[in-house]
Amino acid sequence: MIAQTVTSLHGSSNRRERDVVTPHSISILLFIEKYARLRPKYWDTRPSDSSTSHPDITPQERKATCLMTVRLVQGGDMVLSELLQVLESAPLLPHHITSFMKALHQMYCSGIDSLLDLFDSVEKFAFQDQIRAETFPCLWTSVVGLYLRRLNLSFRRLSFSQVTSLYQRFRHYYEECYASHSSHLQQHADIQMNAEESNVAEDTDSDAKMEDMMEETREDDSGADLTLCSAEVMAISSSDAGEPSIQPPLMLAHTHPRGMEPASSQTGHSTRQQAELFISQQTSLLQFSETAALSPPDLQEKIRQLVRQNPDLAEAHYLSYLNCVRVKEFSGAVHSLLRTYDGHLMQRDSSRMEDQGRGFRYAALNLAALHAQFGHRKAGLAVLKEAIRLAQESSDHVCLQHALAWLYTLSPTHKAQLMRRSMVKSCELSLSYLSSLGCLNHAAQLAHTRATPAHLLQSIVRAEALNCQHSLVSLQHGAWALRAALWATWGVSTMTALASQLLLHLNTHHPTNPTTFYSSQPTCASICNIAVGLANLGEYHLAGDVLQHAQERFPAHGQHSHTWMFAQAHITLNDLLYQGRWTEAQTVITNMATSHPTEAKLRNCELLMSKGELTEAWELLGELRKDPEVVGELRVRLLLVESCAAVAGGGHAVAVPLLVEALTTAHDHHLTYLAALTHLHTANVQLQLGLHNEAEVSVVAGMGVILAGGSVYDQARARLVAAKLQVSKAKGKDRIGKLLETAVSLELVRKLFMKVRAYHKVRETLYFRARLYHEVGYIEERNKCALEFRQFELQHPCQSYQLSINSF
C-alpha cells in the first residue's frame, strides 16, 4: 500500500559514528573523577593520617551515584544548570557534589592545562597498568570504562585549535550558569553550533593500535530494527471503543527522570546510541503515561534535532508519528509514517526481498491503524485489505492476527464472529495480548445484545487471567474499566464506583521508574465515573475537583482528553437543565455534538421539551428512531424521552405503548436501573389516567432500585410520584391524615431537589404542598408555602413554558 516510488528523504551512511567531546562530557568526567577520589569501595583501607578527609559513603549513596553515572553516560547533553538540578535532586553524597562544583570552577579558572591534565588521567586509566588505580578505579570493560576510553580516543584525535575551541566552549558552558558577562556570552553564542560540528576530526590517524581498540569498543551502529512482528508490537486499547493502536517494540533499558530528558532548547550533540535510548524512553512513556513524556512541542523539536544529527534514524520518524497521533494531527502522522518505513527499506539490503515485503505489510497495517484512530472506516478497511493480502502471500500468521483485530474493530458487521476467530487463533499462536483483547472486546460487543451479565463477567474473568499471567498492564486497566462500564449500564452505581476505585488503586508502576504509573484512557474513564457519581449525589463542588484532577493528569492536547471533556459536558448539561438555563445548555450540547453526536441529539430533545418546542422535539426524535446505532441503552432512553414528549402534549394514551416497549427492551438487555425508571414513568401516566391500582404496582416495582442506588434527582422524583399516588388513594375518614402526612414528606423532596438545583421541580413541590394544605384547611401553612413559592420565583425566575405538574 505504501508506494515504492516514494523517494527516501534521508540516505544511509556506512561511515562509523564518532563520539563528540562536549562540555557536558567534560563535566561527566569530572563527576566520575571526584567520586573515584573519595575511595568509595568498602574493602579499601582508610588512610592512617587524619589530615585527609574521606567521608563514609552509605550503600544508598553508592547505589544512587552508580545509577546516576550510568544515566549521565547514556543520556544526551544538558546545560550545566539542568545537570546541577538533576544531581541535587538525587540522594548523592553532599561532599561529592561540593567537590564536583569546585572542580568545575577550578577548570574554568586554571586554563587549558586543567583540561589536558584531566585527559592525561583518563589516558593512564586506558593503559591498564598499576597507575590507573590511582585515577579511575573501575573495570575498563564496564559501561563507565568503555565511555572513558572512547572519549579519550576522540580527544586524542583533536588538533590543538580544536582543543582550544573545546575549552572556550567549556568556559561559555560554565558562564551560562554562573557568570553574568553578557557581552562575552554574545561573542560565543553565534559560534557554538559550528564548533560542535568541527569537533570530530577526520579519519587520518595512522596509529593502527588505536584504530583496533576503537573497533573493539565501538558498538554496532546499525540501530534497533523497528519491525512489527511480535504480539507486543500492536498494543490495542480495549477501553477506547475497542480500537487498537500499534506500538513499536520497547528498547528501554533505563528510564531517566523527566528532568534528565534533553529539552528542546538544548543544542548539544547526541550519539546514535543516546538518540535510540531517548526514542525508546519517550515511546515507552507515551504508551505507559502520556503526561510523563515531553510535551508535544518539546518532543517534536527534539525529534527534529535528532534527525539533523542522525539523518538515517528511521525510529525518530516513528516517534514523530506517535506524537502526531497524540495531538490528532493527521497530515503530520501520515507524513512521519511514510518516512519511517521509507527509511527502513533504504537501510535494508535490496537483495532481501522478504524484508521489504515485511516492511510493506506492516506499513499498511500501521496506516490502517492510523485511519481507525481518526475514524476513517472506509479508508482503513481499504488499507487493511492490502495488509491482509500481503500477509497471506508471505504466510505471516502473526500479521494476519493483528490485521484481524483491526478488522473486527473497523468492520460494521459480523463483529462477534470475527472476534471469536481472533481469540481461537491467537491462543494457538500464543498471542496472549490479542487473546485477552479479544475477550474484552467480545464482552463489550455482547453488552449490546441480550447476553446475561454472568456471561459477560465470565469473559472478563478469562481476560484477567491472561493479564495476570503475562503482566499486561494496559489490559488490566481495560478489564476494570470495562467492568465499571457494564455495571454503570446495568444501573448499579455502587459497583461502578467500586470497580473505578479498584482500578485507580492498582499498583502499576513503570518497570524502570517506580515514580511513574500507568495512566491511559481507562484511568481517565475511572476518574470521570467518580466525578459523575458525585454529581449525581449533588456534590457538584467535589465533582469539579475530581474533573480538575483529570484535566491536570490528561491535558487538553492529549489523546484521552475527550473522555473528561464529555463527562464535564454531561455534568454541566444536567445542572443547566435542572436550573432552566436554556441558552447555556444549548451551547454545551453544541460542543458535545463534536465528539458524541447521537448523545447530543438525544439531550437536545430534552432541552426542546423543556422549552416547550414539542414539534421540533418530535422531528428530532423521529430522526433518532431511524438511527441504526440507537440500540440497547440509547433505545430505552429515546423511548422514555418520547413518552415524556407525549405526556407534555397531552397524549397519555400514546405514551403507554412507548413505555411498554421501553420496559421490554430494558428487561431484554438487563438494564435494571432504566427498567425501574420506566416503571416510575408508567406509574405517573397511569395516575393521570386514573389507574390507581396499576400505578401502585409500578411504583413498588421501581421504587426500591431507585432509592438503593439512584441519583438524588431520580430519588426525589420517585418520592414525588409516590406522594401523588398516596394522595390519589386517600379517601374517606383517613384522607385528611394521609394528606398531612404527604405534605410533611414533601419537605424531604424539596430538599433533595434543592441539593441538585432542580429549581423547576422545587416550584412544583411547593405548589403541590400548598394545594394539600389548602385542601385540609391549614391556611397558615398554605400561605407560608405560597410565600416561599413567591420568594423562590423572584430568586430563580422560571423560563419553562408552563408548570410541569403532570411530568415525571
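**Reading aromatic rings**

Reader: Let's start with phenylalanine 119: buried or exposed?

Author: Buried means under 20% relative accessible area, exposed over 50%, and partly exposed in between (1.4 Å probe, protein chains only). Phenylalanine 119 has 0% relative accessibility, so it counts as buried. Bear in mind that this is a predicted model, where local features need pLDDT of at least 70, side-chain atom pairs count only at pLDDT 80 or more, and totals for chains, interfaces and linings use all residues. Residues are numbered from 1 along each chain as its sequence is written, and side-chain values use heavy atoms, with hydrogens and water left out.

Reader: How many aromatic pairs does a search of the whole structure find?

Author: A pair of rings is described by the distance of the centres and the angle of the planes. Rings of Phe, Tyr and Trp (its six-membered ring) pair if their centres lie within 6.5 Å; planes under 30 degrees apart are stacked, over 60 edge-to-face, and the rest tilted. The search turns up 13 pairs. One of them, phenylalanine 119 with phenylalanine 155, is stacked, at 3.8 Å centre to centre and 5 degrees between the planes.

Reader: Which parts does that pair tie together?

Author: Helices are DSSP runs (H or I, at least four residues), numbered from the N terminus. Phenylalanine 119 sits in helix 5 (residues 112-126) and phenylalanine 155 in helix 6 (residues 143-156), so the pair joins parts 36 residues apart in sequence. Phenylalanine 155 is buried too, at 4% relative accessible area.

Reader: What does a tilted pair look like?

Author: Take tyrosine 773 and tyrosine 778: centres 6.2 Å apart, planes at 35 degrees. Tyrosine 773 is buried at 7%, while tyrosine 778 is partly exposed at 35%.

Key: Helices (H or I, at least four residues) and strands (E, at least two) are DSSP runs, numbered from the N terminus.
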